[in-house]
Amino acid sequence: MQLDSLFTYDSVALNAAGDGVVIVDQTLLPGEERFLTLRDEHEVYEAIAKLRVRGAPAIGIAAAYGLYVASRRAAAEPGFDIANARDEFYRISRYLCSARPTAVNLSAALRRMERRFDSLAARLAFPELLEALHGEAEAIKAEDMAMCRSIAGFGAELISRPGMGILTHCNAGHYAVSRYGTALAPIYLAQSRGMAPRVYVDETRPLMQGARITAFELQKAGVDVTLQCDNMAASLMASGKIDLIFTGCDRVAANGDTANKIGTSALAVLASYYHIPFYILGPTSSIDPTTVSGADIPVEQRGEDEVTELYFRKRIAPEGISVYNPAFDITPASLISGIVTEKGVFRYPYDFSDLKQKDLAL
């Protein structure tokens, strides 16, 4: 699988010294690829909340690394009391978990680190316990990379002929995970196989993650990519240029309802009308069996400035105007042609009961 040659760095990594989480500041893309090293829980929290690191899997990896780095830093502080180590560890974990509410990978990764802590705390000295937490965070990243490779394989099978037109929304590529991507991984694999897909990218308001990030990384990889405004999707579908729609996901409910960047649900409705297959791509760790349906998924509301002035030379809206700015919307399971995971493609009506417990966001 000729994917590695497309990527010169991982979007989330631990530095060589093991005392910092290295990310690309995605708020600066595409103008600048600036690397940040986050050295405590406050810097990690800020990076997640401000979308310096974003994408559900990438957030989970950053949080796991951040919990390890912050715990290691706390243990090195003068006066650190080993008797309070567990309380401090859980304080940091819960603080990081509060950075964003919708993407389930954030809480799932932190719960996994907590389980590792609790399973070993009684048997290991604290330095050894920290090393075990380091290993767990590295495992979360390694598993993400393996999952993305597998998603690439299953998703590429849906790209059945050269030159297919694929519409995507937001960013579910290299920057949204540790490497490769989810919704974009099959596109990269198809490109490496000479299939030359034609990709159409929604700008994806309000944060323009399609325009700033998806278009940027696809262009870097040599993919035929065209950018469009979100409200042009119907026109493009009606023209017959779209054969498939691939998007990522931040959380999948037990019934298959899916949360993804705002505007995804509208694409699914349009795809149904124009009879275009609509696929969600993401790891099984994004499936939350404790969330019964999309109605139970918390949807993050973000600041009004992202709509009224961010990315514009001058403010474009009247002062004092009320702004509705949800980060996500919910796509009903019945509108989703298939959910592509590292375990294969699930079809409606969705039944995830055969998945092993360790695969799910528990």
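Guide: Welcome! Both α2 and α3 (85–97) give at least two residues to the lining of the second largest cavity. This is a predicted model, in which local features need pLDDT of at least 70 and side-chain atom pairs pLDDT 80 or more, while totals for chains, interfaces and linings use all residues. Residues are numbered from 1 along each chain as its sequence is written, and side-chain values use heavy atoms, without hydrogens and water.

Visitor: What makes a space a cavity?

Guide: On a 1 Å grid over the protein atoms alone, a cavity is a set of points where a 1.4 Å probe fits but cannot get out. The whole structure holds two such cavities of 30 Å³ or more.

Visitor: Which residues line the second largest cavity?

Guide: Ser 71, Ala 74, Phe 80, Ala 85, Glu 88, Phe 89 and Phe 126 do, because lining residues have an atom within 4 Å of a point. α3 gives the largest share, three residues.

Visitor: And which residues are closest to the centre of the largest cavity?

Guide: Of its 22 lining residues, Arg 54, Gly 55, Ala 56, Asn 171 and Asp 250 are the closest to the centre. The elements giving two or more residues to this lining are α2 (56–76) and β9 (258–261), with α2 supplying the largest share, three residues.

Visitor: Which residues of α3 are buried?

Guide: Ala 85, Phe 89, Tyr 90, Ile 92, Ser 93 and Leu 96 are. They cover an arc of only 160° around the axis, so they lie on the same side of α3; the arc is that of the directions from the helix axis to the C-beta atoms. Buried means under 20% relative accessible area, exposed over 50% and partly exposed in between (1.4 Å probe, protein chains only).

Visitor: What does the face turned away from the buried side of α3 carry?

Guide: That face carries the exposed residues Asp 87 and Arg 94. On the buried side, the cover includes α1 (41–49), α2, α4 (104–120) and α5 (126–156), where contact means heavy atoms within 4.5 Å.

Methods. On a 1 Å grid over the protein atoms alone, a cavity is a set of points where a 1.4 Å probe fits but cannot get out, and a pocket is an open set with protein on both sides within 12 Å along at least five of seven lines; lining residues have an atom within 4 Å of a point. Grid points are joined across faces, edges and corners, and a volume is the space filled by probe spheres set on the points. Helices (H or I, at least four residues) and strands (E, at least two) are DSSP runs, numbered from the N terminus.
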